[in-house]
Amino acid sequence: MPLFAVICRDKPGALQTRIDTREAHLGFLREKGIVRMAGPLMRNGDMAGSLIVIEADNLADAQGWAAADPYKAAGLFESVEVIEWKQVI
């Protein structure tokens, strides 16, 4: 099954939104069992975005999954990019 990188960048000054929504976000990541790795992007020691690698049948399914993230619903993200990714190492 193809892998997709979901690259999300937070809006400036939105750290509290991230903190307030974190548990719902983590539950969402665990829910379907398609996340292969995930973690926050860091800027000056603070969380400033997300990098999530998921398995999905196709790009449209990966984009649909990303659109359902509670962080997105909370308005945290300034941008979201979903792109096919190939693991080499």
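Mentor: Residues are numbered from 1 along each chain as its sequence is written, and side-chain values use heavy atoms, without hydrogens and water. In this predicted model local features need pLDDT of at least 70 and side-chain atom pairs 80 or more, while totals for chains, interfaces and linings use all residues.

Trainee: How many aromatic pairs does the structure hold?

Mentor: There are 2 aromatic pairs. Rings of Phe, Tyr and Trp (its six-membered ring) pair if their centres lie within 6.5 Å; planes under 30 degrees apart are stacked, over 60 edge-to-face, and the rest tilted.

Trainee: Why is the pair of Phe28 and Trp65 called stacked?

Mentor: Their centres are 4.8 Å apart and the planes stand at 25 degrees, which is under 30, so the pair is stacked.

Trainee: What makes Tyr71 and Phe77 an edge-to-face pair?

Mentor: The centres lie 6.0 Å apart and the planes are at 85 degrees, over 60, so this pair is edge-to-face.

Trainee: How do you know whether Phe28 is buried or exposed?

Mentor: Buried means under 20% relative accessible area, exposed over 50%, and partly exposed in between (1.4 Å probe, protein chains only). Phe28 has 8%, so Phe28 counts as buried. Trp65, at 7%, is buried too.

Trainee: What does Asp10 touch?

Mentor: Contact means heavy atoms within 4.5 Å. Not counting residues up to four places away in sequence, Asp10 touches several residues, including Arg18, Gly49 and Phe77.
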